[in-house]
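Please keep the sequence and the three-dimensional view at hand while reading.

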Amino acid sequence: MNHDPAGVKPNAHADHCAHSAQRGHGVAIAKPAAAGTVYTCPMHPEIRQTGPGSCPICGMALEPVMPTAIEDDSELRAVKKKFWISAALSIPVVVIAMLPHLLDMHWSDAVAAVLRYAELLLTAPVILWAAADYYRRGWRGVVNRSPNMYTLIGLGVLVSYIFSLFATFAPSAFPPEMRDAHGMVGVYFEVAAVIVALVLLGEWLELGARGRTSLAIRQLLGLAPKTARRVRADGSDEDVALDALLVGDRVRVRPGEKVPVDGRIVDGRSTFDESMLTGEPLPVDKGPGDRVVGATLNQTGSVVVTAERVGADSFLSQIVTLVAQAQRSRAPLQRLADVVSKWFVPAVVVIAVATFLAWWFAGPEPRLAYALVNAVAVLIIACPCALGLATPISIMVASGRGAQLGVLFRDAEAIESLREIDTLVVDKTGTLTVGKPALHQVLTVAPWSEDEMLGLAAALEKSSEHPLARAIVAGAAQRKIASVNVEDFQSVTGKGVTGSHVNRKLALGNAALMKDVGASVESLQVEVDAQRASGRTVMFVAVDGKLAGAIAVGDPIKDTTPSALKALRADGLRIVMLTGDARGTAEAVASSLEIDEVIAEVQPADKARIVEKLQNEGRKVAMAGDGINDAPALARAQVGIAMGTGTDIAMESAQVTLVKGDLNGIVRARHLSRATVRNIWQNLGFAFGYNALGIPIAAGVLYPATGLLLSPMIAALAMSFSSVSVISNSLRLRGK
């Protein structure tokens, strides 16, 4: 702060905001973007266009919607170059302007005139070249009726520079009290030059900080190998680029290599480190028929994999797309910043004009100088950039951190809402349990043998992808039971399947289906109840309307489920299990896991209705599931949570995906949600507080009591660090 500065030369207010806005702040690109690349604004994701440019709302440079693995630092280098040149030119201007005041020196008229023109010449490149982009962006904001941070910077710099030009070439036009002993009027070339240099410094710092917000997504992109070893038809290998692979191609993956595609092992056996995508540190043993995911690491053996998903369809690409989508989405809290930002710049201009008039009419001599300097300080100290970035930066960092933890958020609203959930509704199969049930016991009714009945059941289920169906088919195969052909196959939603074999009508499903076909289940009820009491699922088999037997299939509870549910209950959540299984089976599982409420024998169409009923009771509901039948309920809940091990439709319907299918991910996601919202409020508080305190001080409210004024140069420095502080605070989320 300056105390009654003789020349009243407050100095540069570095709109660090501006720097943010300049170019390529965010996810940087590795090379010139390909034709057709879609760009967006980091502060206004609704702005999208093909090719680079600047945002018509805030003026900030647009950046590619989808990042690439390697950061492009060309913009950072350009800003550094401008800063160093501006600093080199500004320092001698400051020395020339301040030396007489510091050393109490007095120049002759000739020397004073030479030094005045030296200031002008040194400042000209800074104002006309280094700051040119700021004027263009500021003017574009005015034309689009959305004045922005560049409008304020441009006004502050140009007012200082144009005033100084008039003072240099037409000093006689000013009142006598403003002229010194040489007949000259005080100029503010150094103010204009230092403002630009400090804005560039802030932009440099922000570019570096913003680049770190996309570190997580670049790390994800860097996981994928660049080439693959494709197996030719003759069995020989060839190295090809990853984008040359097609579905159905076979690739060989040797020990120590990354899997290039999503697919199934057709030859060989090995252990795979999947920690890069799932966070699970223990390697997984896999062999023929097992699925492998691209970018995971093959550790011990050589395998051949048939490609099932390549390119944009791969699991890794889908993760990157989800993270990028979440980073660009808007949180409900952003509405507060949007409302304020809409009126912020016009309000600052009005305050600056009012400041100018107040000092001109009521200030001490030289009144015009005081009025100019304080009005410029008001323009420069205001930083709408910090306000605009408060929410998006936190969301960007949180989305990336979530991906590293195996939690994928589809949008910012999910991040904000998850902390408010008080009820978690969970599906059983594939969510609480492993989702890979195995045949446990076969119960028969005379005259049927186990093998006969199991053969018919396997024939009915061989076309189904349901986990229970696969368990029956696999169990029949292990017993080497020959498969038979089934005709007139039909799936009865929520009940089971029917068909016919050698003119005999077959049915496999729950008690409701048995009732439909006229088969009584009483003869096996005791044995069935015992199986269900142990948590197993029982399906009845009927032939020609008579009970032939029942099949018990066990689906073990995931090792992580008990600890996850315990942590969620401790976090205040009520746990509700929603399942289509029989009540006995459901209650046996619920009892072992201490679940608060069980709703069993639920039809798929009723799951969404039950979620809605809980919401109508005032509950804030999250639904966790993995199947197609869970999709409506996932979409209906305040937050839908899909298991990454489940179906694509479930993941499309949910706002959150747990990559590993581990409910501990919900615990981590809630902690991250709370930390993110807390971080956003801190950022908003900092941005509001900074402007609420800085603008009045810049206007001179402390002068009557203390004689202190805020130099525009100090204002520029403070403004330059405001957005950097917001970004730095957001980056702390990377450690959560």
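The sections below treat helix packing, salt bridges and surface features in turn.

## Basis of the report

The structure is a predicted model. The values given here were therefore all computed from a prediction.

## Helix packing

Two packed helices are described by the angle between their axes and the distance between the axes. Helix H5 (residues 149–169) packs with helix H11 (residues 367–381) at an angle of about 155 degrees, and their axes are 8 Å apart. H5 is therefore roughly antiparallel to H11, since angles over 145 degrees are classed in that way. The crossing of H5 and H11 is left-handed.

Helix H5 also packs with helix H4 (residues 132–143). For this pair the angle is about 125 degrees and the axes lie 7 Å apart. That angle makes H4 oblique to H5. The crossing of H4 and H5 is left-handed.

## Salt bridges between parts of the chain

Side chains of opposite charge can pair when their charged atoms come close. The structure holds 27 salt bridges. One of them joins Glu308 and Arg291, with an N to O distance of 3.8 Å. This pair links distant parts of the chain: Glu308 belongs to strand S13 (residues 303–309) and Arg291 to strand S11 (residues 291–292), 17 residues apart. Glu308 is partly exposed, with a relative accessible area of 35%, whereas Arg291 counts as exposed at 52%.

Another salt bridge is formed by the side chains of Asp571 and Arg670, at 2.6 Å from N to O. Asp571 lies in the loop between helix H19 (561–570) and strand S22 (574–578), and Arg670 lies in helix H24 (residues 664–699), so the pair ties together parts that are 99 residues apart in sequence. Is Arg670 buried or exposed? Arg670 counts as buried, because its relative accessibility is 3%, which is under the 20% limit.

## A salt-bridge network

Arg254 counts as partly exposed at 38% relative accessibility. Glu257 likewise counts as partly exposed, at 22% relative accessibility.

Which residues make the nonpolar surface patch of about 420 Å²? The patch is made by Val353, Leu357, Trp360 and Phe361. Trp360 has its place in helix H10 (residues 334–362). With a relative accessible area of 39%, Trp360 is partly exposed.

Leu336 also lies in helix H10. At 36% relative accessibility, Leu336 counts as partly exposed. In sequence, Leu336 and Leu387 are 51 residues apart. In space, the C-alpha to C-alpha distance between Leu336 and Leu387 is 9.8 Å.

Conventions
Residues are numbered from 1 along each chain as its sequence is written. This is a predicted model: local features need pLDDT of at least 70, side-chain atom pairs count only at pLDDT 80 or more; totals for chains, interfaces and linings use all residues. Side-chain values use heavy atoms; hydrogens and water are left out. Patches are made of residues with over 30% relative accessible area and no salt bridge: like charges are joined within 9 Å, nonpolar side chains (Val, Leu, Ile, Met, Phe, Trp, Tyr) within 5 Å. Accessible areas come from the Shrake-Rupley method with a 1.4 Å probe; for residues, only the protein chains shown count as cover. A salt bridge is a side-chain nitrogen of Lys or Arg within 4 Å of a carboxyl oxygen of Asp or Glu. Helices (H or I, at least four residues) and strands (E, at least two) are DSSP runs, numbered from the N terminus. Buried means under 20% relative accessible area, exposed over 50%, partly exposed in between (1.4 Å probe, protein chains only). Axes are lines fitted to C-alpha atoms, for helices over the stretch in contact, and angles run from 0 to 180 degrees between N-to-C directions. Angles under 35 degrees count as roughly parallel, over 145 as roughly antiparallel, 65 to 115 as roughly perpendicular and the rest as oblique. A crossing is left-handed if the near helix is turned anticlockwise from the far one by less than a right angle, and right-handed if clockwise.
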